[in-house]
Amino acid sequence: MIHKRLRPFNTKQTYPEQNLDNDLSQGVVARGAMVFLRGQVSQDLDTRECLHAGDPGKQTAKTMENIKMLLEEAGSEMAHICRIVVYLTDIRYREAVYQEMGKWMKGVHPCSTGIVVPALARPEWVVEIEVTAVIPDAA
C-alpha cells in the first residue's frame with residue numbers, strides 16, 4: 001500500500017440509519033509530492049459553463065469527473081486522494097452527493113469532512129468538493 005490509511009471504515013457501519021456506502025479513513029499518512037485542488041464544482045473547465053443547476057447528484061458526478069481529470073493532469077490519480085472536503089448548501093443533498101461521490105472513491109478511504117454552508121460562489125451550485133492528493137515517490 002502506497003499510503004497508510006488510519007482506521008479505514010465504511011459509512012454503512014458508521015451511519016447505519018443513512019443510505020450511504022463510502023470508504024473513508026480517520027487519517028492518511030502519505031509520501032510524495034502534494035497536489036492541492038481548489039474546490040471543484042459542476043462546471044465545464046474549458047468553457048466555464050455551469051452544468052446541472054440545482055441537481056446535487058449530477059453536480060457531484062461532474063465535480064468528481066473534474067477532480068479525476070485534474071489529478072491525472074498533475075500526474076496523480078483518484079487512488080492517491082488523501083483528504084476530501086465536501087461543501088453542501090443544504091443538508092438534504094447529503095445522501096445524493098455522498099452516494100455519487102462514493103462511486104468514484106470506492107476502495108480509496110480518504111479523510112473526509114462535510115460542511116453545510118449558506119451558499120457557494122454561484123447560486124446554481126449546491127455542492128463543491130476540495131481534495132488533497134499525492135503524487136507518490138517513484139519506487
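## Buried or exposed

A residue is called buried when its relative accessible area is under 20%, exposed when that value is over 50%, and partly exposed in between. Asp90, at 15% relative accessibility, therefore counts as buried. The structure you are looking at is a predicted model.

## A tour of helix H3

Let's start with helix H3, which spans residues 94-104. Its buried residues are Arg94, Val97, Tyr98, Glu100, Met101 and Gly102. What lies over them?

In general, an α-helix has 3.6 residues a turn, so residues three or four places apart point the same way. Glu100 is buried at 14% relative accessibility, while Lys103 is exposed at 62%.

## Other salt bridges

How many salt bridges does a search of the whole structure find? The search gives six. One of them links Asp90 to Arg92, with the closest N and O atoms 2.5 Å apart. Asp90 is the buried residue from the opening, whereas Arg92 is exposed, with a relative accessible area of 69%.

Another salt bridge pairs Lys12 with Asp21, and here the closest N and O atoms are 3.9 Å apart. Both partners are partly exposed: Lys12 at 45% relative accessibility and Asp21 at 31%.

Definitions and conventions: Residues are numbered from 1 along each chain as its sequence is written. This is a predicted model: local features need pLDDT of at least 70, side-chain atom pairs count only at pLDDT 80 or more; totals for chains, interfaces and linings use all residues. Side-chain values use heavy atoms; hydrogens and water are left out. Buried means under 20% relative accessible area, exposed over 50%, partly exposed in between (1.4 Å probe, protein chains only). Helices (H or I, at least four residues) and strands (E, at least two) are DSSP runs, numbered from the N terminus. A salt bridge is a side-chain nitrogen of Lys or Arg within 4 Å of a carboxyl oxygen of Asp or Glu.
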